[in-house]
Amino acid sequence: MSHRGVAFITGLIFAIGLGISGMTQPTKVRDFLDISGAWDPSLAFVMGGAVTVYLLVFHLIIPRLDRPIVGERFGIPSRRDLDRPLLLGSALFGVGWGLGGLCPGPALTSALSGLTPILVFLAAMVGGMALHSLKTHLMPIKRD
Amino acid sequence: MNVPSSDLFAALAGGLLIGVATTFMMIFSGRIAGVSGIVGGLIPPRRHDMDWRLAFLSGLVGGGALLRVFYPEAFPAALTTPTATLVAAGLLVGYGARLGNGCTSGHGVCGIGRMSRRSLVATAVFLSTGMLTVFVHRHLLGAAS
């Protein structure tokens, strides 16, 4: 198998998982974030399920492999610093997620759902990503 | 809180599948399955680092098309979110995920699964601002959904 094949299968399983879990229902996502209203705890189960699998595999299987099955090496981020972009970016992301009830995975999974508003969100999301690329291109990051 | 237990089982089952997908990518390709990182890497596209990103995107969008055919309940019948809200939400999600180096999948699943300090903090931050936003939007500004 190639990296392409792995990536395609990952995307496919990912989308089906998102669809089954309820993450492609923006109102349900907002109900989960609405702790002062009729809180819907479902999405805690989504994250709990996904993180449990990842924790087990990452700590039990990955250490036993010299390298990934298709790739040359594991690309695991090693940074530990809590810098301003991490905090500010995550804060802005959360505001957007709360406003629309959509994050990138579920929004892309819903691209062909026939819901036009999703396409508006996706166009704006790509615009936001492009703005960031443009900003880093014009003002290269200064590591301090 | 008034949620049928079938919703909780579905949430757990979907979560386990997301876990399978993200670890599949790590075991086979050694890569983090973070949606905003993989897709954001296409903007702008770079010739030698495009094919696997496009393949992931096709899987994600194709999986959504399969859902529409075999499990249409995955999507709401309609979305009444006003266009201005969608535009603001999309811009914030896109820009914020790139600036913060990850979103719900990269930080929230893969990062926490690795027990990365940066991802734990990022997830705590976006959950907090997300909750605060819904509170203000729904309960103070009276948004409809």
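Me: How many helices and how many strands does chain A have?

Reply: Chain A has six helices and zero strands. Helices (H or I, at least four residues) and strands (E, at least two) are DSSP runs, numbered from the N terminus. In that order the elements of chain A read α-α-α-α-α-α. This is a predicted model, in which local features need pLDDT of at least 70, side-chain atom pairs count only at pLDDT 80 or more, and totals for chains, interfaces and linings use all residues. Residues are numbered from 1 along each chain as its sequence is written, while chains are lettered from A and ligands numbered from 1 in the order in which they are written.

Me: What confidence does the predictor give to chain B and to the complex?

Reply: pLDDT is the predictor's confidence in each residue, from 0 to 100. Chain B has a mean pLDDT of 96, and 99% of its residues reach 70 or more. For the complex, the predictor gives an ipTM of 0.96 and a pTM of 0.95.

Me: Why does the span of α3(A) agree with its number of residues?

Reply: The expected span of a helix is 1.5 Å times one less than its number of residues. The 20 residues of α3(A) should therefore span 28 Å, and its end C-alpha atoms are 28 Å apart, so the two agree.

Me: What makes a residue of α3(A) buried, and which residues are they?

Reply: A residue is buried if 20 or more other C-beta atoms lie within 10 Å of its own, exposed if 12 or fewer, and partly exposed in between, with C-beta atoms placed from the backbone. The residues of α3(A) that are buried include A:F45, A:M47, A:Y54 and A:F58. Their cover includes α1 and α2 of chain A, together with α1 (5-29) and α5 (106-113) of chain B. In chain A, 52% of the 144 residues are buried.

Me: Why is the packing of α6(A) and α4(B) described by an angle and a distance, and what are they?

Reply: Two packed helices are described by the angle between their axes and the distance between the axes. Helix α6 (residues 116-138) of chain A and helix α4 (residues 83-99) of chain B pack at an angle of about 35°, with their axes 7 Å apart. Axes are lines fitted to C-alpha atoms, for helices over the stretch in contact, and angles run from 0 to 180 degrees between N-to-C directions.

Terms used. Contact = placed C-beta atoms within 7 Å.
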